[in-house]
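Here is a short briefing to read beside the model.

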Amino acid sequence: MSSQAKPDPDDESFFCQLCSTIKFSRSDFREDNAGATTPSSPWTEPTHTQSHITPQAASLLRSPTKRQVHAQSTTISTSSMDELLNHSVEWPNHPDLFPPLAATATPMHVHAPHLLPAPPKPHHHAAALRFTVAASAAAPSATTRKAVIVGGGLAGLAAATHLTSLSVPFTLVEASDRLGGRVATDVVDGYRLDRGFQIFLTAYPECRRLLDFPALRLRPFYPGALVFSGAGDGEKPSFHLLSDPFRLPLRSISAAFSPIGTLSDKVLVGLTRLRAAATPDNVILSSPETTTARHLEQLGFSPSIVERFLRPFLAGIFFDPALDTSSRLFELVFKRLALGDNALPEDGIGAIASQLAERLPAGSVRLNSRAAAIDPYSGVTLDTGEIISGDLGVIVAVEQPEAEKLLPQLSNREKPNKKSAERSTVCLYFSADWALVEDPILLLNGSGKGIVNNMFFATNVAPSYAPAGKVLVSVSLVGSFADREDADLAEEVVRELGGWFGAGEVASWRHLRTYRIGFAQPDQTPPTAPAGRDPRVGDGVYVCGDHWCSATFDGALVSGRRAAEALAKDRGLSS
Ligand SMILES: Cc1cc2nc3c(=O)[nH]c(=O)nc-3n(C[C@H](O)[C@H](O)[C@H](O)COP(=O)(O)OP(=O)(O)OC[C@H]3O[C@@H](n4cnc5c(N)ncnc54)[C@H](O)[C@@H]3O)c2cc1C
């Protein structure tokens with residue numbers, strides 16, 4: 001194609017000329033395996049010229065290399081980025097909109113170093129942290145006026161962090177034997193198993209305020225996904241690379257000729273991304289809301305891109321395949337994906353909670369202490385009958401169903417006639433001897449068949465997720481699958497992924513563990529209040545948690561801060 005030619009955006013056949021299909025065979029990757037290297041340069045947001053494409057992106061997008069998908073006879077449709085980029089619209093390259101990604105081999109770039117606490121704290125393993133907290137949890141002094149925080153997830157930890165900074169004494173009671181709530185990592189035989197697939201988005205503003213990013217040693221995902229489109233009768237399985245339309249619209253456009261959506265879908269993704277990135281949070285959070293499914297339709301996305309990419313992608317985020325989740329949440333997450341990196345801490349997602357927990361005053365935490373009743377005037381009664389004094393106030397930082405048990409007045413306030421929707425997931429981990437894809441990329445099931453929603457080779461993102469020489473495979477399903485035993489589910493998953501990669505390639509995977517997360521997220525169907533509700537729910541009683549804001553790490557942290565600020569203000573302990 002002449003570089004002078006102007007593409008007609010309505011003429012898909014024009015773009016199809018740019019399309020090339022690369023086929024890989026088992027012998028291809030066998031040869032290549034030894035020579036494959038980890039890229040030393042990050043994925044950077046491309047501008048409008050070809051020269052900005054990193055070698056890594058180029059290999060993913062167009063080069064007929066042999067290191068892409070390590071499956072027998074797997075097909076990846078790619079495109080000629082060179083030619084397309086010569087005709088691409090120019091996208092702003094403002095550093096705030098397109099922060100640079102870090103090298104995969106080194107800790108991630110910090111976007112807001114001035115916001116970080118200094119000096120960075122030394123790293124601790126979650127297990128070590130548990131020991132420290134438990135060991136230091138002495139009985140609180142009876143003479144000091146205190147607040148009580150019920151629940152030690154991110155919301156409770158944020159509340160505790162802010163009370164500490166306001167010099168307000170407190171006792172945090174946590175029902176389980178560790179802090180972090182839904183954000184947890186188990187170390188099993190040297191494998192780091194996050195309790196459910198979770199991704200840290202570096203653009204979360206509250207996380208930037210509270211967390212020491214360098215100490216988390218964040219490892220980025222490739223900002224995009226490899227979509228498995230299925231395998232027809234006698235046909236080879238096919239995968240299509242979609243660069244993250246929220247972070248890398250140009251690369252997304254480069255996939256214009258893939259069968260995942262139409263050309264106008266790709267342009268629309270870029271435009272929607274720019275709009276979201278430029279819209280202040282308060283505008284997003286107070287805009288008229290509908291369901292995400294309806295919103296995508298109103299935005300003009302075709303059924304093809306919804307079914308093959310957006311639905312599986314968003315279902316994996318909201319655990320809501322029907323996409324009934326509020327359009328406000330979609331826009332908010334869309335914006336965060338556009339403005340930051342997707343990453344995993346080297347020590348697992350639990351490191352986020354561990355970092356907050358490390359900063360709490362010694363003796364302020366009581367593990368294995370379940371609150372059974374809240375009394376605004378005396379504090380909290382544990383299920384053992386013990387009363388924890390909370391004469392400064394009680395912050396209830398438990399998950400939604402438990403909050404509604406402790407404070408029945410919270411139940412279904414906004415949706416009296418509606419049963420909360422189930423938001424469940426199952427995450428299965430396998431040990432393997434080699435990764436079938438070499439890049440730190442999420443693989444999405446866009447075939448519309450099977451039970452797998454997404455999978456990835458966790459050790460491609462963070463090698464620390466497995467012992468040396470081993471590969472950790474993470475597979476996520478959306479739903480509870482309550483009717484199936486763990487062993488049957490694991491078998492079914494391996495069988496299904498055999499259809500993606502070849503049965504022989506997955507036959508040796510060893511099932512490590514299955515996590516069933518019945519309550520993964522609260523109901524976020526309209527009407528919602530993701531900007532956050534007033535934490536004051538009664539005299540001296542405050543509520544926080546992701547159900548009180550948005551069901552994200554950031555939402556939980558924001559809600560915890562607001563509860564602590566409200567308590568301190570009401571007691572005249574802050575300005
Ligand atoms: C599988 C999965 C994937 C996710 N992925 C992402 C993601 O990629 N990005 C993102 O931003 N968010 C994600 N989330 C959402 C995020 O993890 C949550 O929104 C957030 O962690 C909620 O924190 P919380 O403090 O509100 O609640 P929780 O973490 O549930 O904390 C509540 C705490 O209260 C304790 N508790 C309960 N009852 C009592 C009681 N009676 N007495 C004392 N203690 C009690 C619990 O043991 C728990 O520790 C994901 C969640 C899950 C489950």
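Pro527 sits in the loop between β21 (510-517) and β22. Helices here are DSSP runs of H or I with at least four residues, strands are runs of E with at least two, and both are numbered from the N terminus. This is a predicted model: local features need pLDDT of at least 70, side-chain atom pairs count only at pLDDT 80 or more, and totals for chains, interfaces and linings use all residues. Residues are numbered from 1 along each chain as its sequence is written.

**Backbone details**
- Pro526 and Pro527 are joined by a cis peptide bond, with omega about 0°.
- Phe319 has a positive phi, near 55°, and is not a glycine.
- The loop between α13 (303-318) and α14 holds Phe319.
- For context, most peptide bonds are trans, and most residues other than glycine have a negative phi.

**Sheets**
- Strands of a sheet pair through backbone hydrogen bonds, either parallel or antiparallel.
- Two strands count as paired here if DSSP finds at least two bridges between them.
- Two bridges link β22 to strand β23 (residues 541-543) in the antiparallel sense.
- Gly538 stands opposite Val541 of β23.
- An open sheet of three strands runs β7-β11-β8, with antiparallel pairing.
- Its edge strands are β7 (200-201) and β8 (218-220), each pairing on one side only.
- β7 and strand β11 (residues 342-345) run antiparallel and share two bridges.
- Phe200 has Ala343 in β11 as its bridge partner.

**Helix α6 against helix α20**
- Helix α6 (residues 154-165) and helix α20 (residues 553-570) pack at about 40°, with axes 7 Å apart.
- That angle makes α6 oblique to α20.
- Angles under 35 degrees count as roughly parallel, over 145 as roughly antiparallel, 65 to 115 as roughly perpendicular, and the rest as oblique.
- Axes are lines fitted to C-alpha atoms, for helices over the stretch in contact, and angles run from 0 to 180 degrees between N-to-C directions.
- α6 and α20 make a right-handed crossing, meaning that the near helix is turned clockwise from the far one by less than a right angle.
- Contact residues of α6 include Leu154, Leu157 and His162, and those of α20 include Phe553, Arg561 and Glu565.
- Contact requires C-beta atoms, placed from the backbone, within 7 Å.
- The residues of this α6 and α20 contact are 11 nonpolar, four polar and two charged.
- Ala, Val, Leu, Ile, Met, Phe, Trp, Tyr, Cys and Pro count as nonpolar, Asp, Glu, Lys and Arg as charged, and the others, Gly among them, as polar.

**Helix α10 against helix α14**
- The axes of helix α10 (residues 263-278) and helix α14 (residues 327-339) come within 8 Å and cross at roughly 95°.
- α10 and α14 are therefore roughly perpendicular to each other.
- α10 contributes Arg273, Ala276 and Ala277, while α14 contributes Glu331, Phe334, Lys335, Ala338 and Leu339.
- The contact of α10 with α14 has five nonpolar, no polar and three charged residues.

**Around the ligand**
- Of the 33 residues around the ligand, Gly151, Gly153, Gly181, Gly196 and Thr552 come nearest.
- α6 and α20 each supply at least two shell residues.
- By class, the shell has 15 nonpolar, 12 polar and six charged residues.

Methods
Two residues are in contact if their C-beta atoms, placed from the backbone, lie within 7 Å. A residue is near a molecule or strand if its C-beta atom, placed from the backbone, lies within 6 Å of it.
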